[in-house]
Amino acid sequence: KYTFILVQLIIVIFLIYFFTKLCPLIVFDCDDWSYLYTFRLPIPMWKSHNPTRVMPETLMPLAGWLAARIIYPVCGNYVYAVTAISAIIITFMIETMCICLYQLLVDRIELTEKKALICEVMFILFFFLIFRNKEISNCMFSAADLCCIYFYTLSGILNAIIVLIFFRYADMTDAFLSWGWFEKVFFAVILYFALFSNIFHSAIIAIFAGVQITMHLFNLYKRKICFKQYLKMNVIYLLIVAIWGIVLVFEANGERVDA
């Protein structure tokens, strides 16, 4: 496992350097400052301005608080403190996504650990190299300002993590039931924040769940599985679609619906 640990450390060091030095996540405009100190309850709010943007509007002020309490006393520069804590957060989420891909390749695709590591490195490199065709080209983790990093980039990464976890298991229900209570609660929490992150990115999970439900429906139609098996295999996916329906209802009654 030394090679695995070394590769992950290199990725983490590169990402931290990239988001603090090469492409720093800097507090830019009034929205950035406003969302850094405006806390909200981590639940959807009926008829609010952003009724279901729970994850970004919970995480960003938390980052502002951590920057003030942990980083600022050391460096004496709050703007840099926000950059540092934001870089740590996005690096952690990107690294988690990479590890989830690695586990998928080893457990489900049955690649060797060496080949899986090569694929993981190529995967992360493509986020930075695929659009490098002009001097003004950006990486796929870039956004207009800091709050857009939290609202859109991190929302997309979190939903991608969930989908990679789903892909790892042939039967997600069996996998979920085999986990310990801590793993179940943790997964439920990150799934909740993924669904209540950004409606355009939570559609990633909703569409994936809909595809799985449809594929299993064909197996039911062809009598490859019985109805009881169908419900068991799709209970999580059906729950996701139902919750995403609630997301749509909240968004349809939010203040920005006519914008």
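# A tour of the helices and the core

Start by selecting Met140, which sits in the loop between α5 and α6. Remember as you look that this is a predicted model. Met140 is partly exposed, with a relative accessible area of 43%. Met140 and Thr153 are 13 residues apart in sequence, and 8.5 Å separate them in space.

**Stop 1: Thr153**

Keep Thr153 selected. Thr153 belongs to helix α6. Is Thr153 buried or exposed? Its relative accessible area is 10%, under the 20% cut-off, so Thr153 counts as buried. Show what surrounds it. Leaving aside neighbours within four places in sequence, Thr153 is in contact with Ile90, Phe141, Ser142, Ala143 and Cys148.

**Stop 2: Phe141**

Select Phe141 next. Which residues does Phe141 touch, not counting those up to four places away in sequence? Colour them one by one: Phe19, Ile90, Ile94, Met97, Ile124, Phe127, Phe128, Ile149, Thr153 and Ile157.

Now widen the view to the largest nonpolar core. This core holds 78 residues. Phe141, Leu154 and Phe166 touch the most other members. Which helix gives the largest share of this core? Select helix α4, residues 78-107: 16 residues of the core come from there. As a general rule, nonpolar side chains in soluble globular proteins tend to be buried together.

**Stop 3: Ile157**

Stay with the contacts of Phe141 and pick Ile157. Ile157 lies in helix α6. At 4% relative accessibility, Ile157 counts as buried. Not counting residues up to four places away in sequence, Ile157 touches Ile90, Met93, Ile94, Met97 and Phe141. Take the pair Ile157 and Ile90. They are 67 residues apart in sequence, yet 8.8 Å apart from C-alpha to C-alpha.

**Stop 4: Phe123**

Go to helix α5 and select Phe123. Phe123 counts as partly exposed, at 23% relative accessibility. Its contacts are Met97, Cys98 and Leu101, not counting residues up to four places away in sequence. Now put a distance line from Phe123 to Tyr35. These two are 88 residues apart in sequence and 32 Å apart in space, C-alpha to C-alpha.

**Stop 5: α6 against α8**

Show helix α6 (residues 146-168) and helix α8 (residues 181-195). Two packed helices are described by the angle between their axes and the distance between the axes. Here the angle is about 130 degrees, and the axes are 9 Å apart. Angles over 145 degrees would count as roughly antiparallel. α6 and α8 are therefore oblique to each other. Their crossing is left-handed.

Show side chains on both helices. On the α6 side, select Leu158, Asn159, Ile162, Ile165 and Phe166. They meet Phe187, Ile190, Leu191, Phe193 and Ala194 in α8. How many residues of this contact are nonpolar, polar and charged? The contact has 9 nonpolar, 1 polar and no charged residues.

**Stop 6: α9 against α10**

Move on to helix α9 (residues 199-221) and helix α10 (residues 227-252). Their axes come within 9 Å and cross at roughly 150 degrees. That angle is over 145 degrees. α9 and α10 are therefore roughly antiparallel to each other. The crossing of α9 and α10 is left-handed. The residues of this contact divide into 19 nonpolar, 5 polar and 1 charged.

**Stop 7: two loop residues with positive phi**

Select Lys47, in the loop between α2 (30-37) and α3. Lys47 is not a glycine, yet has a positive phi of about 60 degrees. At 48% relative accessibility, Lys47 counts as partly exposed.

Jump to Glu110, in the loop between α4 and α5 (113-129). Glu110 is not a glycine either, and its phi is positive, about 65 degrees. Glu110 counts as exposed, at 65% relative accessibility.

**Last stop: Val74**

Finish in helix α3 (residues 54-75), where you will find Val74. Is Val74 buried or exposed? Val74 has a relative accessible area of 73%, over the 50% cut-off, so it is exposed. Draw one more line, to Arg53. Val74 and Arg53 are 21 residues apart in sequence and 32 Å apart in space, C-alpha to C-alpha.

Methods. Residues numbered from 1 in each chain as written. Predicted model: local features only at pLDDT ≥ 70, side-chain atom pairs only at ≥ 80, totals over all residues. Heavy atoms only, no water. Axes fitted to C-alpha atoms, helices over the stretch in contact; angles between N-to-C directions. Helix = DSSP H or I, 4+ residues; strand = E, 2+ residues; numbered from the N terminus. Parallel < 35°, antiparallel > 145°, perpendicular 65-115°, else oblique. Left-handed = near helix turned anticlockwise from the far one by under 90°. Contact = heavy atoms within 4.5 Å. Nonpolar A, V, L, I, M, F, W, Y, C, P; charged D, E, K, R; others polar. Core = buried A, V, L, I, M, F, W, Y, C linked by side-chain atoms within 4.5 Å. Buried < 20%, exposed > 50% of the residue type's maximum accessible area, 1.4 Å probe, protein only.
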